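This report concerns the annotated domain, the salt bridges and a ligand site of one structure. The sequence and model are shown first.

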Amino acid sequence: MSTPLLEVRHLVVEFPSRHGTLRALDDISFSIAPGEILGVVGESGAGKSLTGAAIIGLLEPPGRVAGGEILLDGQRIDNLSHDKMRHIRGRKIGAIFQDPLTSLNPLYTVGRQLTETIQAHLPVNAAEARRRAIGLLQDTGIPAAEQRIDHFPHQFSGGMRQRVVIALALAAEPKLIVADEPTTALDVSIQAQIIQLLKRICKERGAAVMLITHDMGVIAETCDRVAVLYAGRVAEMGPVHEVIHQPAHPYTAGLMAAIPDIEIDRERLNQIDGAMPRLNAIPRGCAYNPRCPRVFERCVQERPDLINAGATRAACWLHDAHEPHVALSGVGA
Ligand SMILES: Nc1ncnc2c1ncn2[C@@H]1O[C@H](COP(=O)(O)OP(=O)(O)OP(=O)(O)O)[C@@H](O)[C@H]1O
Ligand code: SF4
Ligand SMILES: [Mg+2]
């Protein structure tokens, strides 16, 4: 495996609160290789957006990185000043959020926003920046890009606006794109197009992507590897095909029910009963134990870390070699 582009090591994110400190991310570790698409999936509240926000340096106070480190190209970026981080965002990391309007300034034409970003980070003159901006709009599928470049964000439809945001995220040729639910706010009929665009354009440019979504179907079609988050921890991580077809963690197996065309026992896995625990009530032992169909005694006593589980790694005692309940095949099989 090549040297990671991004490495997240033992990341802890906390929120001070009146009732003590809430730990929202608890020892999250993963890496992304150059050009790789890593999916980050999990139910609402799992910690997906906080993980993305910590990486791009946009955690909202009082949330803070309370432990661990984040490295980009081998350099720590979790302890940089706001100014340095702002430069890295844009030049080295592009961000795409759910609502395209959060990334666009309504008062400026999209051309101005693109050319300013290009010129802020790359040594090109105004004419070259404009030429590149038009190229980016063309590559992201904006028709008549030479005219549309002088339009304002509100003159674009939601889907076209998200294409502009993708162009903007890529404008300074970053090596990593963090995309947090990039299609959730869009019309269902164009979601797949935008995901395919994101995948194609990042692969063409060799940009790695951290794609945050709650949709296992999107993960299946788009990603190389996937990290499944539950209650602020990684429940399972591995190559996308293996995680989907031979999930090793009962929670991943439960999430599979969301993919309509995957062959699984739909009766058994139709939905996961119960809900993700609140941060102030995370169960002892394995956080998933109150909902887990495979729970056994150890699960309510000890918290599992990621362990090798066939082709993936799973935080589940079923895969502990010393455990009599050891499961050799995927739990969803
Ligand atoms: N400002 C905050 N103060 C306290 N807790 C917070 C704050 N922001 C997020 N959290 C908590 O952190 C946890 C993770 O939140 P996060 O936004 O990362 O979830 P998510 O996986 O992105 O969910 P969704 O799918 O709904 O976007 C949640 O329990 C959430 O309530
Ligand atoms: S550790 Fe136990 S409760 Fe947690 S997922 Fe595995 S079997 Fe279920
Ligand atoms: Mg989120």
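## Salt-bridge criterion and network

A salt bridge is taken here as a side-chain nitrogen of Lys or Arg within 4 Å of a carboxyl oxygen of Asp or Glu. In general, side chains of opposite charge can pair when their charged atoms come close. The model under discussion is predicted.

With that criterion, Glu-14, Arg-23, Asp-26, Arg-64, Arg-233, Arg-303 and Asp-305 are joined in a network of salt bridges. Across the whole structure, the search returns 23 salt bridges.

## Annotated domain

According to the unreviewed UniProt entry, residues 6-256 carry the annotation "domain: ABC transporter".

## The Glu-43 and Arg-291 pair

Glu-43 and Arg-291 form a salt bridge in which the closest N and O atoms are separated by 2.9 Å. Glu-43 is located in the loop between strand E3 (37-41) and helix H1 (48-56), while Arg-291 belongs to the loop between helix H12 (266-269) and strand E11 (307-309); the pair therefore ties together parts that lie 248 residues apart in sequence.

The two partners fall into separate accessibility classes. Glu-43 has 23% relative accessibility and so counts as partly exposed. Arg-291, at 10%, counts as buried, because the cut-off for that class is under 20% relative accessible area.

## Pairs formed by Arg-76

Arg-76 takes part in a salt bridge with Glu-69, at an N to O distance of 3.2 Å. Arg-76 also meets Asp-78 in a salt bridge, with an N to O distance of 2.7 Å.

Relative accessibility is 35% for Arg-76, which places this residue in the partly exposed class. Glu-69 is likewise partly exposed, at 22%.

Which residues are around ligand 2? The shell contains the cysteines Cys-286, Cys-292, Cys-299 and Cys-316. Also around the ligand are His-249, Pro-250, Tyr-288, Asn-289, Arg-294, Trp-317 and Leu-318.

Classified by residue type, this shell comprises eight nonpolar, two polar and one charged residues. The space that ligand 2 takes is the second largest cavity.

Definitions and conventions
Residues numbered from 1 in each chain as written. Chains lettered and ligands numbered in written order. Predicted model: local features only at pLDDT ≥ 70, side-chain atom pairs only at ≥ 80, totals over all residues. Heavy atoms only, no water. UniProt positions renumbered as here; feature names shortened; annotations may be inferred. Helix = DSSP H or I, 4+ residues; strand = E, 2+ residues; numbered from the N terminus. Buried < 20%, exposed > 50% of the residue type's maximum accessible area, 1.4 Å probe, protein only. Near = heavy atom within 4 Å. 1 Å grid on protein atoms, 1.4 Å probe; cavity = no way out; pocket = protein on both sides within 12 Å on 5 of 7 lines; lining within 4 Å. Sits in = over half its atoms within 2 Å of the grid points. Nonpolar A, V, L, I, M, F, W, Y, C, P; charged D, E, K, R; others polar.
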